[in-house]
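Here is a short tour of one protein model. Keep the sequence and the 3D view open while reading.

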Amino acid sequence: MLLYVNSRLEEGSKKRLRDQVPADIQIAFRQDLAEGEQAEVFAQADFLMGNAPADWLKSPNKLQWWQLDSAGFDAYKDIELSIPVTNMGDFFAWPCAETIVGGVLAFYRTLDELAVLQTQSKWVGAALRPSMFLLRKKSVIILGSGAIGQVIKQILTGFECSIRFLARTNPDAELHTVEELKEALPDTDIVFNTLPGSAKGFFSAELIKAMKPGSVFANVGRGTTVDEAALIENLQSGHLGGAVLDVTEKEPLPADSPLWTMPNVILTQHTGGGIATEELGKIDLFLENLRRFQEKEPLQNEVKLERGY
């Protein structure tokens, strides 16, 4: 049997995988193959680890099970497979939540500005104090009630924030429709977006305009779910107080984007899910699911591609 590893791994991680995979399974690492060989070798694979090109999955192949190395998979929603597919579940939820809440906290406490002043060896001190705000007791809406949103809520509870979820089908969410969201936005201090790519264009110019003057927009979902041009316009006009963006419409963010130089924007460059043990976490989950697959036990984090989230 053949395991095709599409994920790029460091040598230590590759060794760990080789050492732990049963002896009857050969491993092909995409990064070690010539570009012209990659698709051909993949076509012989029984197992796939990582997010392979969608085109490869549209052709007949031998795959028995696919382990994604991400939580999201909206790029594959048009792929029809009869095999089990598993994702990373809530593995990235805590790092994503900590990053986006940390960014908002940094914005309110001007930590981003202080960090720049430090590189300039420039002491401003007391003059910054009037521009500082508290995260405590802010009114919050979280778009999406999945794992990341739930962890954001858990963190913000410690700040005594008032929190509502927007989710189309979750009965526990306080908001379910665009109309309900639009009505709630004028009284909301922070909007956290955790929506998947399948919600393309959801947070429209109309919704951005409906936000409370001076409020903050924080995005750790997908950049394509937001009208970025409208977001920039409302940040430049001062209607919005600021934005913390882990994701943008185009990535890498084009060098000529105004977002790079706007003083009321913090960019975290899609690092939100990053953690030092990320590769080992991916390998450990793969190995556990491989064991379950071979012993015919239920797999962890099985998903349906057609849902897109």
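Predicted model: local features only at pLDDT ≥ 70, side-chain atom pairs only at ≥ 80, totals over all residues.

Residues are numbered from 1 along each chain as its sequence is written, and side-chain values use heavy atoms, with hydrogens and water left out.

**Helix 10**

Helices (H or I, at least four residues) and strands (E, at least two) are DSSP runs, numbered from the N terminus. Helix 10 covers residues 278–294. At 1.5 Å a residue, its 17 residues should span 24 Å, and the end C-alpha atoms are 24 Å apart, which agrees. The expected span is 1.5 Å times one less than the number of residues.

Which residues of helix 10 are buried? They are Gly281, Lys282, Ile283, Leu285, Phe286, Leu287, Asn289, Leu290 and Arg292. Buried means under 20% relative accessible area, exposed over 50%, and partly exposed in between (1.4 Å probe, protein chains only). The buried residues of helix 10 pack against strand 1 (2–5), helix 1 (11–20), strand 3 (47–49), strand 4 (65–67) and strand 5 (85–86).

**Two helix pairs**

Two packed helices are described by the angle between their axes and the distance between the axes. Axes are lines fitted to C-alpha atoms, for helices over the stretch in contact, and angles run from 0 to 180 degrees between N-to-C directions.

Helix 1 and helix 10 pack at about 15°, with axes 10 Å apart. That makes helix 1 roughly parallel to helix 10. Helix 1 contributes Ser13, Arg16, Leu17 and Gln20 to the contact, and helix 10 contributes Glu279, Leu280, Ile283, Asp284, Phe286 and Leu287. Contact means heavy atoms within 4.5 Å. By class, the contact of helix 1 with helix 10 has five nonpolar, two polar and three charged residues. Ala, Val, Leu, Ile, Met, Phe, Trp, Tyr, Cys and Pro count as nonpolar, Asp, Glu, Lys and Arg as charged, and the others, Gly among them, as polar.

Helix 4 (residues 93–108) and helix 6 (residues 147–157) cross at roughly 55°, and their axes come within 8 Å. That makes helix 4 oblique to helix 6. Angles under 35 degrees count as roughly parallel, over 145 as roughly antiparallel, 65 to 115 as roughly perpendicular and the rest as oblique. The contact includes Trp94, Ile100 and Val101 of helix 4 and Ile148, Val151 and Ile155 of helix 6. The contact of helix 4 with helix 6 has twelve nonpolar, one polar and one charged residues.

**Loop residues**

| Residue | Relative accessibility | Class |
|---|---|---|
| Asp74 | 18% | buried |
| Leu175 | 7% | buried |
| Ser121 | 70% | exposed |
| Lys296 | 76% | exposed |

Asp74 sits in the loop between strand 4 and strand 5. Not counting residues up to four places away in sequence, Asp74 touches Gly197, Ser198, Arg222 and Gly308.

Leu175 is in the loop between strand 7 (162–166) and helix 7 (178–184). With residues up to four places away in sequence left out, its contacts include Ile141, Phe165 and Leu181.

Ser121 lies between helix 5 (111–119) and strand 6 (139–143), in a loop. Its phi is positive, near 50°. Lys296 follows helix 10, with a positive phi near 60°.

Where is the cis peptide bond that joins Pro252 to its partner? It links Glu251 and Pro252, with omega about 0°. Pro252 is in the loop between strand 10 (242–245) and strand 11 (265–267).
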